[in-house]
Amino acid sequence: MNKIFEKGGKLHWLHSTADAFDTFLAVPGTVTSKGAHVRDAIDLKRIIILALIAVIPAALFGMWNVGYQHALATGTTVTGFWGIVLGYWWYGFLRVLPLYVVAYAVGLIIEFGTAQIRGEEVNEGFLMTGFLIPLIVPVDTPLWMLALAVAFATIFGKEVFGGTGMNIWNPALLTRAFLFFSYPNSMSGSSTWIHVKPGEQLVDGFTGATPLALDGAAQYSTSVWSEFLGTIPGSVGETSTLCILLGAILLLWTGVASWKIMLSSVAGALIVGFIGNVTGATAIPCWEQLLLGGFAFGTVFMATDPVTSAQTECGKWIYGFLIGALCITVRLFNPGYAEGMMLAILLCNTFAPLIDHCVTSAHISRRNKKANVA
Amino acid sequence: MSDTIVLKKGLNIPVKGEADLRISKAISPDIVAINPADFKGLLPRLLVKEGDKVLAGSPVLSDKKNPDILIASPVSGTVKEVVRGEKRKLLAVLIQADDDQQYLDFGVQNPDTMSAEQIKETLLKSGLWPWLVQRPYGIIANPDVTPKAIFVSGFSTAPLAPDYEFTLGGEAAFIQKGVNALAKLTEGGVHLSLCGKNFSNSPFRRMDNATMHKFEGRHPAGNVGVQISHISPIRKDETVWTVSLLGLAVIGKLLSTGRYNVRRKVAVTGPMALEPAYVDALPGTPIKSLAAFYGSLADETRFISGDILTGSNVGENGYIGYYADQVTLVREGTERELFGWIRPLRYKQFSTDRCYFSWLTPGRKYDMDTNLHGGPRAFLVNDAYYAKVLPMDIYPIYLVKACLAGDIDKMEKFGIYEVLPEDLALCEYVDPSKNNIQDIIAKGIDLMLKEMA
């Protein structure tokens with residue numbers, strides 16, 4: 001690294017920042033000083049970049065869907081392969097790009113600043129958080145609100161606890177929760193999910209509500225197939241179950257995310273969804289719940305966050321199951337909120353340490369019992 | 001005879017440089033060093049001064065807390081120098097070896113007719129007591145305590161570890177004698193664990209006075225701590241002793257010949273070792289006498305007395321450790337790898353993580369270096385990530401965090417009594433956050449020692 005950033009150099013106060021860019025370009029030449037003399041090639045940068053790659057299909061599709069939904073709403077649908085693929089995508093990309101710029105700019109400034117204050121290396125955790133945030137908010141979220149929410153989530157959700165690895169709640173979801181409770185008008189209802197410019201002509205019968213808000217009823221021709229593909233209104237990245245599944249395959253293949261959490265979350269959702277369907281609380285069959293709203297996105301990318309999820313293997317089963325079950329419970333039995341995934345995950349984040357405490361306490365007393373017998 | 005205990009968790013690190021099963025050289029060093037840091041728990045008191053004559057087996061150091069515990073000279077010769085560091089801390093005693101080796105005579109003895117007290121006395125005065133290591137804490141055993149049992153690992157699974165059948169196969173009779181002697185020091189008997197795979201050919205499989213156990217699995221299946229946790233886990237207020245197979249042979253030799261003879265076959269291994277093979281050497285032999293193995297590459301080599309996971313970095317001017325039967329030479333990984341972490345393949349690097357592709361080539365050996373491969377971070381991945389390489393009934397990261405917090409109660413609950421840093425060495429190896437887990441555990445153990453004293 002350049003000398004001026006070293007101790008005693010003119011720009012030493014910027015060394016965390018310089019270091020971050022430096023280690024981004026090349027693996028540092030640091031050698032082991034204590035303990036094992038050789039180390040595995042894996043590092044957190046690699047794990048996080050793979051998690052990020054897993055989200056890319058959902059992100060690209062989400063951008064396309066922004067364009068597509070806009071076209072449907074205004075009746076300006078185009079024909080031709082390139083128009084459909086690139087035209088819609090480009091339209092959506094231009095709408096989503098500002099969200100990315102704001103989320104990354106605000107988050108990274110705080111992240112670099114706190115690393116600088118602590119004199120530590122900059123953590124790569126926000127690369128992932130910043131990539132997720134624009135995907136879980138409505139496309140028309142005002143940028144100043146987003147900036148405020150990102151700042152809140154990064155400072156009070158993460159940095160005050162000691163930075164990445166120490167946080168209790170998933171910072172991306174905390175951003176969304178901040179928006180949800182502070183600015184409910186911009187975060188729910190039927191006018192937020194589809195980008196429409198002021199003064200644009202809308203087609204007859206347009207509602208703009210998500211299928212969940214309509215309790216599964218169709219607005220244009222919402223079929224199960226379009227719910228699976230993702231051509232429905234919703235937060236930017238959450239709609240396409242197919243693209244999320246592609247990401248899930250990568251995450252499970254590489255072992256970055258826990259299959260136990262994903263599986264138990266699906267099981268929890270199916271069971272509560274089934275009960276709700278049988279008792280007449282909803283007309284939506286339990287399996288369709290998996291395709292709607294943020295369930296798939298939350299289960300695959302949010303619930304599996306290794307920092308905020310349960311740490312123990314047994315705890316992961318409980319944690320995942322509770323998320324799935326709570327999500328559908330909120331959907332079915334809370335008239336105020338159409339979707340419950342965000343609340344379910346944040347609540348289970350809160351309880352994850354307790355779940356782990358119970359699991360490890362049981363383990364300890366089992367060990368002690370074994371000792372008494374022997 | 002118990003059934004084979006198969007351990008599914010663990011990892012064999014595929015590093016290049018396994019030693020050929022041949023003795024390439026017998027080293028009779030001019031100078032031998034006794035390094036007090038090799039002996040965990042020893043508060044050294046110097047018993048010799050510069051210019052004193054010593055024989056092989058003459059005491060050089062004693063323990064301030066228990067003056068009966070002696071450290072003996074491996075050679076006969078003259079004390080050349082007492083090396084001291086800051087605050088006059090004793091760093092090493094250097095002994096100039098005679099051409100003609102003289103041994104202090106402790107007399108040929110038959111352990112079968114000796115009492116426990118006599119055996120203790122013989123081991124103490126001959127300087128062989130430090131081969132007995134106490135658990136918990138991994139310090140030199142306290143002679144006043146009667147241990148629950150004594151455990152011996154009959155094989156090593158550490159990276160490039162020496163093959164005991166080659167190094168000690170011819171000394172089975174001495175080992176038997178050592179077993180006979182130690183069996184008298186405990187009610188719980190001597191437990192010898194062997195590798196289940198080679199069991200039927202093992203020269204150590206027929207031992208009297210010992211309970212045999214069979215283990216199968218990847219590293220750390222050969223660690224005595226892992227074996228104990230599957231045979232009879234250590235609980236609060238319990239003490240067990242461990243001794244290495246080499247230690248048993250040394251004790252057996254003393255009883256059979258009356259001589260303190262700690263000569264051993266040392267495996268010189270590692271990716272930087274030219275034609276890795278075994279040498280016949282003494283503890284405290286200078287690394288420089290292994291010059292034939294590294295030639296002109298000393299500047300870019302790290303010299304490790306021990307294996308790549310738990311050994312100590314002694315440098316070219318250092319010495320082979322007292323208990324070591326392996327020296328590993330690896331490249332210092334100071335080179336910077338451009339875009340290392342984002343490269344899709346990174347073919348030359350090994351990783352257990354599926355984020356890379358080395359799991360596709362299971363048979364391949366890698367030219368590993370000492371690069372950290374990343375920057376230090378807070379613990380981010382789950383406990384289970386580490387538990388994959390620890391075949392014990394323990395949550396490793398909970399234990400590590402208890403040690404970091406200095407919470408004695410939690411450390412106890414999460415199993416500090418059962419582990420030594422070496423048992424969690426693989427957790428340290430796989431850690432994507434690059435924490436020094438062995439150091440954290442060692443500090444936790446030091447805290448326990450201080451609080452329990």
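A:Trp90 sits in helix H3 (residues 81–118) of chain A; helices (H or I, at least four residues) and strands (E, at least two) are DSSP runs, numbered from the N terminus. This is a predicted model, in which local features need pLDDT of at least 70 and side-chain atom pairs count only at pLDDT 80 or more, while totals for chains, interfaces and linings use all residues. Residues are numbered from 1 along each chain as its sequence is written, and chains are lettered from A and ligands numbered from 1 in the order in which they are written.

**Around A:Trp90**

- With 13 other C-beta atoms within 10 Å, A:Trp90 is partly exposed; a residue is buried if 20 or more other C-beta atoms lie within 10 Å of its own, exposed if 12 or fewer, and partly exposed in between, with C-beta atoms placed from the backbone.
- A:Met63 is 27 residues away along the chain, yet its C-alpha atom is separated from that of A:Trp90 by 7.7 Å.

**A helix pair in chain A**

- Helix H10 (residues 259–278) of chain A packs with helix H13 (residues 313–333) of chain A at an angle of about 35°, and their axes are 7 Å apart. Axes are lines fitted to C-alpha atoms, for helices over the stretch in contact, and angles run from 0 to 180 degrees between N-to-C directions.
- The contact of H10(A) with H13(A) is made of 17 nonpolar, eight polar and three charged residues. Here Ala, Val, Leu, Ile, Met, Phe, Trp, Tyr, Cys and Pro count as nonpolar, Asp, Glu, Lys and Arg as charged, and the others, Gly among them, as polar.

**Where chains A and B meet**

- On chain A, 45 residues are in contact with 62 residues of chain B (two residues are in contact if their C-beta atoms, placed from the backbone, lie within 7 Å).
- Elements giving two or more residues to this side of chain A include helix H1 (15–25), strand E1 (26–27) and helix H9 (241–254). The largest share, six residues, is from H2(A).
- By type, the side of chain A that touches chain B has 21 nonpolar, 15 polar and nine charged residues.
- E1(A) runs antiparallel to strand E21 (residues 337–338) of chain B, joined to it by two bridges; strands pair if DSSP finds at least two bridges between them. A:Val27 has B:Glu337 as its bridge partner in E21(B).

**An enclosed helix in chain B**

- Helix H3 (residues 172–183) of chain B is largely enclosed by the rest of the structure, because eleven of its twelve residues are buried. Among them are B:Phe174, B:Lys177 and B:Leu182.
- The cover over the buried residues of H3(B) includes helix H1 (116–125), strand E13 (190–195) and helix H5 (245–257) of chain B.

**A mixed sheet in chain B**

- Six strands of chain B form an open sheet with mixed pairing, in the order E2-E17-E16-E20-E18-E19. Its edge strands, E2 and E19 (312–313), each pair on one side only.
- Strand E17 (residues 277–281) of chain B has four of its five residues buried.
- Strand E2 (residues 23–26) of chain B pairs with E17(B) in the parallel sense over three bridges, and B:Val279 is the bridge partner of B:Lys25.
- Strand E16 (residues 264–269) of chain B is antiparallel to E17(B), with five bridges joining them; B:Val268 has B:Ala277 as its partner.
- E16(B) also pairs with strand E20 (residues 326–331) of chain B, in the parallel sense and over three bridges. There, B:Thr269 is bridged to B:Thr328.
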